[in-house]
Amino acid sequence: MYSTSDLRKGLKIEIDGEPYIIIEFEFSKPGKGQALYRCKMRNMITGNQFVKTYRSSDKFVKPALEERKMQYLYNQDDEYHFMDSENFEQIFVVRDQLGDNVNFMVDNMEVDVLFFQDRPIDVSLPNFVNLLVTQADPWVKGDTSGSDTKPITVETGYVLQVPPFVDQGDKIQIDTRTGAYVTRVKE
Amino acid sequence: MLDLQGLRTRAAFFQAIRHFFVELGFLEVDTPIRQPALIPEAHIHPLFADSWFLQASPELCMKRLLACGCEHIFQVARCFRKDERGRLHLEEMTLLEWYRKDADYRDLMEDCERLVGALAMRMAEAGVAGVDEKGSLLVAGRTIDLSPPWTRLSVTEAFSRWSPMSLPQALAEDMFDEILVEHVEPHLGWDQPLFLMDYPVELASLARTKPGEPQVAERVELYLAGVEIANGFSELCDPVEQRIRFAREIELIVTSGRTAPAMPERFLEDLGRLDQAAGIALGLDRLLMLFLGADSVARVQSFSPDDF
């Protein structure tokens with residue numbers, strides 16, 4: 001159990017059987033009054049947010065969360081399959097739970113999967129991934145149109161803006177947190 | 001943690017406080033930080049040092065000094081309150097307390113108006129971020145005029161303006177603190193500083209009640225930019241009534257599962273020698289935070305807990 005003195009931004013607590021993360025935290029104590037702990041929390045499964053003020057007598061359940069290193073294997077329609085890198089156990093996560101992550105996942109990628117009570121609830125990718133450019137218009141030297149970026153498609157089907165010199169068959173690095181182009185990489 | 005310029009400003013701030021009170025004829029006192037007795041207060045958790053208490057405020061000793069003949073006294077005191085940590089709280093903080101014999105909370109409010117105004121002018125000379133050249137406070141894009149008189153608002157009136165429920169209802173449903181913090185405090189002290197005054201007597205264990213109004217205590221809180229800065233009373237000087245109020249606080253402490261503190265007998269004994277007095281505690285870390293335009297009290301310390 002956690003007590004109010006454990007509360008802080010980033011702490012994960014269980015409320016009504018669901019895991020929440022505290023995203024904003026403020027301690028207040030009006031003069032001569034009691035300590036109040038205002039928490040803004042996000043449900044780690046649904047993403048729903050709410051605000052609640054607790055008192056120092058309140059107690060909180062520590063959620064059964066576990067992060068495991070896994071390898072992304074393949075997807076079959078909406079099911080994305082992963083394998084535990086240590087015990088080779090396989091699981092799958094549905095597409096909705098992955099959100100924008102699907103834009104950056106390629107076979108055999110190492111990811112962190114967060115489990116709540118043995119159910120996978122979140123997948124964290126590396127901050128930077130290298131992806132193959134599968135479709136790009138060629139760069140015409142002496143192009144005077146003045147545009148300094150062009151759209152390309154990478155192997156996952158994700159479309160993004162890159163500098164004009166990037167060609168089909170190149171590998172580029174993408175920041176998975178923003179989805180933006182970082183650099184062209186040589187392999 | 002403050003840089004060299006910040007340390008100089010903090011030093012100038014303390015010197016200006018001492019100058020202000022010495023000019024008014026106050027005696028500076030320094031009472032022990034570590035004591036074997038404390039004022040029983042339901043929601044203040046003491047820190048201990050080798051089984052004695054670290055003071056939560058210098059109130060107990062300063063009121064005993066008044067009872068023993070002092071007339072106007074002030075102190076800049078390090079105080080300790082367990083488990084208080086946030087943007088506006090540190091477990092170790094600096095309080096300014098001053099007491100006037102034969103005075104009431106109205107006199108304290110006038111002291112505040114003059115003191116904070118004088119300090120702001122001194123800070124303006126030092127060129128701080130939170131005060132303009134005219135000595136007005138600058139917070140979150142707002143300019144707070146410090147020229148007196150400041151707004152005086154009763155707790156009842158504040159609740160009728162901003163609370164979703166009336167003051168009696170908030171007290172009956174044990175929601176006073178939550179409503180004060182969520183709905184009332186954010187409005188206080190933005191055009192000019194504001195005194196929130198006349199508290200329900202059960203929320204002012206050390207304050208005298210208003211003449212003819214036994215349910216209302218002469219307690220006042222000063223607010224600047226939504227931040228509580230000072231808390232003062234027309235002091236309760238009746239040892240019999242004070243004992244009853246302390247017993248109630250001790251009961252609340254026991255109910256919350258903590259160890260009952262002893263009744264401060266020597267304090268009650270001395271209180272019988274006091275006729276009328278008023279005293280107030282002002283949070284110097286918070287005031288300096290506003291003057292420096294800082295976002296937390298930790299930022300205006302020479303060392304904060306994060307600096308170790």
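Analyst: Happy to! This is a predicted model. Let's begin with a sheet in chain A: it is open, has five strands in the order β9-β8-β7-β10-β11, and pairs them antiparallel.

User: Which are the edge strands there?
Analyst: In chain A those are β9 (90-94) and β11 (119-124), each of which pairs on one side only. Ignoring direction, neighbouring strands of the sheet are turned by 45° against each other on average.

User: How many bridges join β7 to β8 in chain A?
Analyst: Six bridges link β7 (residues 65-76) with β8 (residues 79-84) in chain A, and the two strands run antiparallel. As for who faces whom, Gln71(A) stands opposite Met83(A) in β8(A).

User: Switching topic: how many residues does the contact take from each chain?
Analyst: Chain B gives 25 residues and chain A gives 13. About 1600 Å² is buried between chain B and chain A, with carbon and sulfur atoms giving 48% of that. On the chain B side, His43(B), Asp177(B) and Glu178(B) lose the most area to chain A, together 29% of what that side buries.

User: And how many salt bridges are found across that interface?
Analyst: Five between chain B and chain A. One of them pairs Lys29(A) with Glu84(B), whose closest N and O atoms are 3.2 Å apart.

User: Which part of chain B supplies the largest share of its side?
Analyst: That's α6(B), with five residues of the side touching chain A. By type, the residues on that side of chain B divide into 14 charged, seven nonpolar and four polar.

Key
Residues are numbered from 1 along each chain as its sequence is written. Chains are lettered from A and ligands numbered from 1 in the order in which they are written. This is a predicted model: local features need pLDDT of at least 70, side-chain atom pairs count only at pLDDT 80 or more; totals for chains, interfaces and linings use all residues. Side-chain values use heavy atoms; hydrogens and water are left out. Two strands pair if DSSP finds at least two bridges between them. Helices (H or I, at least four residues) and strands (E, at least two) are DSSP runs, numbered from the N terminus. Axes are lines fitted to C-alpha atoms, for helices over the stretch in contact, and angles run from 0 to 180 degrees between N-to-C directions. Contact means heavy atoms within 4.5 Å. Buried area is the accessible area (1.4 Å probe) that two parts lose on being put together, summed over both. A salt bridge is a side-chain nitrogen of Lys or Arg within 4 Å of a carboxyl oxygen of Asp or Glu. Ala, Val, Leu, Ile, Met, Phe, Trp, Tyr, Cys and Pro count as nonpolar, Asp, Glu, Lys and Arg as charged, and the others, Gly among them, as polar.
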